[in-house]
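Thanks for coming. I will go through a few places in one structure, for those who have not seen it before.

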Amino acid sequence: MTTTADLAARLRAMPDDELERLVVARRLPAAVLADSGPQHASDFFDLAEALRTDDAVDAALEHLPRATLLALRDGAADPDALTPAVALGLADDAGAVDDAVAARLAASPEVTALRTGGTEQPRPAASAPETADTDTATATATATDPTRARATGAERAFATMTVLAELLRAVDAGEVRELVKGGIGTPLARTLGERVGAEPEVVPDRLALLGRTGLADAGEGRWSVTDDGHSWLRAAWPERWVDLATRWWRSLDPAVHDVLAAADDDLRDLVSVGRWAFPAGARWLDAVLLDVGGTAEVLGTAVDGRVTPTGRAVLDGDVAAATADLPPTVEGVYLQHDLTVIAPGPLSPADDEALRSVADLEAPGLAARYRVSEDSVRRALRAGATRDDLLALLDRLSATDVPQPLRYLVDQVAARDGGIVVDVDPTGTGARVVGTPDQLDLVGVDAELRQLGWDRVDLTTLATAHPPHVVHAALEEQRYPAVLTAAARPVTQDAPPVRRRAAGRTPEQAARALVERLRLTTERGEAEPEQEWLGRQIDLAVRGKTPIRLTVRMPDGSERPFSIVPTSVAAGRVRGRDTAVDVERTLPLSLVVAVDSEA
């Protein structure tokens, strides 16, 4: 058995990095890790007491595998089985189990019911075939048909990636904000569901998946796309699938990985496997495993509770396997006379991005539908594209000729809204304005624009020494249909700097701050550090009424042990009952050189 004093001594002797890992792994309450407050740990004894509370011990036992629980309960036949418990401070290197841990083990029905050797089956026996219902039979047929399972998995993966991509675009447009109490509201979920082609109740889960995989960040209530999220949107479909699945896989708790390894790619009844692998972990692990099974289905790595061959390859980073199962991208789209655009299959991310520059997505999916409108054409023109650029883009993407109504729409909007193009001068020192001769005649004689100092290069080109964005603003102010090319736009920040609240500390940062504070507390103090440490050990024994052995330096320089049950520490003296001769003793604290527990 070990006590609070023993644990405090072990914690004090640990290297800083090892102690920080222990504190993080034990998931202590924030009040214990805080710099101040009634519950904060001010020294190693406080930390040891916090680690030995019933809640803290139970939380640690919940994350231990069955072999380690058996080793703690019955003694370690295999020293390696006890390693996880030692790393969590539940036992010392010699295998001595903390008495608080032993008490919680004895109080846990899940642990006391374990049979030595762990011969129980990890999952219940399968149902007899005659009792299986129609759904089970269908699931079995799918699971036993690899081709069908792979096709189903790829279809689900594509549908999920489509929803996630549209959500990322909505996030990038600043449309996703959380409520003060957390999460998104029902109206926003409904709006996003209509935009991405998903049920409103699915949207929060998909947003959570984006956050968990690091593709988006909730921040201070307004979601934003991370750099990894932008890269993911630019990647091809197979790379998207592999990246998404592996990010999710890496985000899982190590205990979940152990359960999945025991399940051997059979995700049916994962809860039973989890309770077998981590007998004390039902409180936190059951819900996590149910979520894991559902997410694996959503990501297309598992079908009807079984990981597919392609799903396993995708989780292992095999892009070729993902490419083989996902539907191939199409090279062209169908431009309709009613200004709709039909993609008969998935477009490559580059083609999809190009088409979105001139059209709005109406129906995402395997066969997506877009629509070209006056607003979408005007948006493309104001983004810097010219009439010829738009027609060339549509001609490149179209599997047939560009319909006459679509050409007419582009010509009409360009003539009205994009007839004048402002670009940077080839020398990079000024602006060049391109338009029709009639338009430039009006611009050149406009008295409100005379200060720009025009130079007529030719019939369709004006030049000025002023920056392009200044020229563009002046033309718009006078209501000329001018657009500024992308190359001429001034470099600006993606978003204005905002004042943010200080972010909370990560568990690693809180643990590091705690260890640094405890080291400083130990080193400073009115008494010598070692005397203060010995005094705290004795004070702990007084509160626990536990016997200790004091080694006292005698006047002749020799050292003598006394076994006592201390009753008080005051005025620099230790008082207690000597268990060897049954008398009360008072010993000077300054002469105590060592304290050992006899519990």
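Before the first helix pair, one definition: a helix axis here is a line fitted to the C-alpha atoms over the stretch in contact, and the angle between two axes runs from 0 to 180 degrees between their N-to-C directions. Please keep in mind that this is a predicted model.

With that, take helix H21, residues 349–356, and helix H23, residues 387–397. Their axes are 10 Å apart, and the packing angle is about 140°. Angles over 145 degrees would count as roughly antiparallel, so at about 140° H21 is oblique to H23. The crossing of H21 past H23 is left-handed. As for the residues involved, H21 brings Asp351, Ala354 and Leu355, and these meet Leu393, Arg396 and Leu397 of H23.

The second pair is helix H16, residues 254–263, with helix H17, residues 270–277. Here the axes lie 9 Å apart and the angle is about 110°. The range from 65 to 115 degrees counts as roughly perpendicular, and H16 and H17 are therefore roughly perpendicular to each other. Their crossing is right-handed. On the H16 side, the residues that meet H17 are Val259, Leu260, Ala262 and Ala263. On the H17 side they are Leu270, Val273, Gly274, Trp276 and Ala277.

Which of its residues are buried? They are Ala100, Val101 and Leu105. Viewed down the axis of H8, these buried residues fall within an arc of 140°, so they line one face of the helix. What do the buried residues of H8 pack against? The partners are helix H5 (54–61), helix H6 (66–74) and helix H9 (109–112). At the N-terminal end of H8 there is a cap, Asp98, with a side-chain oxygen 2.8 Å from the backbone nitrogen of Ala100.

Where does Thr308 sit? Its place is the loop between strand S4 (306–307) and helix H19 (309–315). Is Thr308 buried or exposed? Its relative accessibility is 4%, and the cut-off for buried is under 20%, so Thr308 counts as buried. Setting aside neighbours within four places in sequence, Thr308 is in contact with Ala149, Gly300, Thr301, Ala302 and Val303. Gly153 is 155 residues from Thr308 in sequence, yet the two are 7.6 Å apart in space, C-alpha to C-alpha.

That is the end of the tour.

Conventions: Residues numbered from 1 in each chain as written. Predicted model: local features only at pLDDT ≥ 70, side-chain atom pairs only at ≥ 80, totals over all residues. Heavy atoms only, no water. Buried < 20%, exposed > 50% of the residue type's maximum accessible area, 1.4 Å probe, protein only. Helix = DSSP H or I, 4+ residues; strand = E, 2+ residues; numbered from the N terminus. Arc of directions from axis to C-beta. Contact = heavy atoms within 4.5 Å. Polar contact = N/O pair within 3.5 Å; in protein donor to acceptor, adjacent residues only side chain to side chain. Parallel < 35°, antiparallel > 145°, perpendicular 65-115°, else oblique. Left-handed = near helix turned anticlockwise from the far one by under 90°.
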